[in-house]
Amino acid sequence: MKFYSTNNKDLRVSFQDAVFHSLPQDRGLYMPEVIPQLAPLFIRNIQQYSLQEIALTVASALIGDDIPKSDLKSIIADAINFDAPVKFLDSETAVLELFHGPSYAFKDFGARFMSRVMGYFSKKGDGLLDVLVATSGDTGGAVALGFLGVEGTRVTILYPKGKVSKVQEEQLTTNGQNIRAVEVEGTFDDCQALVKQAFGDAELNAVLRLTSANSINIARLIPQTFYYFWAYAQLKAQGVDDVVFSVPSGNFGNIGAGLLAYRMGLPVKHFVAGTNVNDTVPRFLKSGSYDPKPSIQTLANAMDVGDPSNWVRIKDLFQGNLDELRYVISSYTYTDEETQVAMKELFEKYSYVACPHTAIGYLAGQAYRKDHPGAYASVFLSTAHPCKFPDAIDKAIFANVEQPKGASDLSNKPKVATAASIDFEEFKSYLLNWK
Ligand SMILES: *Cc1c(COP(=O)(O)O)cnc(C)c1O
């Protein structure tokens, strides 16, 4: 399979190039040159397959010969080694839990698959791969734990001091091995600026093999399609055929993967995007004009995105046809107050503790049902375990959160992070001196 840039369909690169470069030079995003169609028989019998079997079929359709099927099978077995269960809360509402991986967020799917693909392509003696990543919380943990122990790679994670939660910080700073954390006296934007400057620095690039673990990497998008197929398989096994997915959205990578799955033949009735007050996409679907704004801080902070970078992929999947987009996607937007009410409702009605992002998925699914009553399963995606967001959840509700064992174990490990300023020369010499 070749991958083109959404800005120039004549620019086509191999899967390996798309993975290592993340972004085409023309600032578009990579997309497969054709959307492969899965066999109708596979879809019809999908409930017979495991998550890993489904993942292999979907990934090999998207990647083609660039990774032989037997190698892809090992990559998947190693990367997707946790479940994504669908749980019904009532007869028509279910939650797809995507937080059973090591960092307790759905980003584990993308980060673990990408790390292993990068490791796979790196083996041929071309030196250590230096992965740089800036994080506001969830991405860093998924990338750190995703690359932990992956041969031929090492990772530097920059995070803003005092601006990530306890569990998030522990996931960044307790790893050792090929992972190190830099605690920056500044904001997430400062962290990102340092990483960007490093990529543009000729001297650094002459000595180090730098790559980004950016969320727009095609190797992070592909594995996110797996769980849409898997959710559908679980529903089908229970005799449910009609499904609407409701996806809490920030950068629109998660829902973008769902729409890619739809284009490949997954029979989904409709997709619903729930956002916090960063409502660029809901406004676009209403007005038809795309008008990004600076991001606003909210309780669902992993969705504080004013200009969702994956939106161009979604436009590309629908050739920019607004009517078709509106036929497949609806979008609703929520304030922090509404999000808090939803977390309370989920707990009181279903004894379910949700993180704020997940609560927005729930709200959007409910809103869509109100506008479109009918017989279908409304499945909202739970993007993170609530233990990662203690400050965003009411104390009385948070008291009911069961800490996963892995999370409590982290508290006993020593924190190792290098304190850094926002000075680029300091960061550069730090990178050059890692032996
Ligand atoms: C990253 C993240 C999101 C947003 O996902 P996108 O793919 O950026 O839309 C939602 N919830 C949580 C918990 C996240 O970490």
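Reader: Which helix holds R326?
Author: This is a predicted model, where local features need pLDDT of at least 70, side-chain atom pairs count only at pLDDT 80 or more, and totals for chains, interfaces and linings use all residues. Residues are numbered from 1 along each chain as its sequence is written, and side-chain values use heavy atoms, with hydrogens and water left out. Helices here are DSSP runs of H or I with at least four residues, strands are E runs of at least two, and both are numbered from the N terminus. The run covering residues 322–328 includes R326, and that's α14.

Reader: Is R326 buried, exposed or partly exposed?
Author: Buried means under 20% relative accessible area, exposed means over 50%, and partly exposed is in between (1.4 Å probe, protein chains only). R326 comes out at 33%, so it's partly exposed.

Reader: What does R326 touch?
Author: Contact means heavy atoms within 4.5 Å. Leaving out residues up to four places away in sequence, the partners of R326 are H270, F284, L285, K286, S287 and G288.

Reader: How many residues of helix α6 are buried?
Author: Helix α6 spans residues 138–147 and is largely enclosed by the rest of the structure. Its buried residues include D138, G141, V143 and F147, and they pack against α5, β6, β7, α7, β8 and α10. The count for α6 is ten of the ten.

Reader: Which residue with a positive phi follows α6?
Author: Its phi is near 80°. The residue is G149.

Reader: Which residues come nearest to the ligand?
Author: A residue is near a molecule if one of its heavy atoms lies within 4 Å of it. There are 14 residues around the ligand, and this shell divides into five nonpolar, seven polar and two charged. Nonpolar takes in Ala, Val, Leu, Ile, Met, Phe, Trp, Tyr, Cys and Pro, charged takes in Asp, Glu, Lys and Arg, and the others, Gly among them, are polar. The nearest are K107, D138, G250, N251 and T383.

Reader: How much of the ligand's accessible area does the protein cover?
Author: Backbone N or O atoms lie at 2.7 Å for N251, 2.9 Å for F252 and 3.1 Å for G253, each from an oxygen atom of the ligand. On its own the ligand has 390 Å² of accessible area (Shrake-Rupley method, 1.4 Å probe). The protein covers 95%.

Technical notes
Polar contact = N/O pair within 3.5 Å; in protein donor to acceptor, adjacent residues only side chain to side chain.
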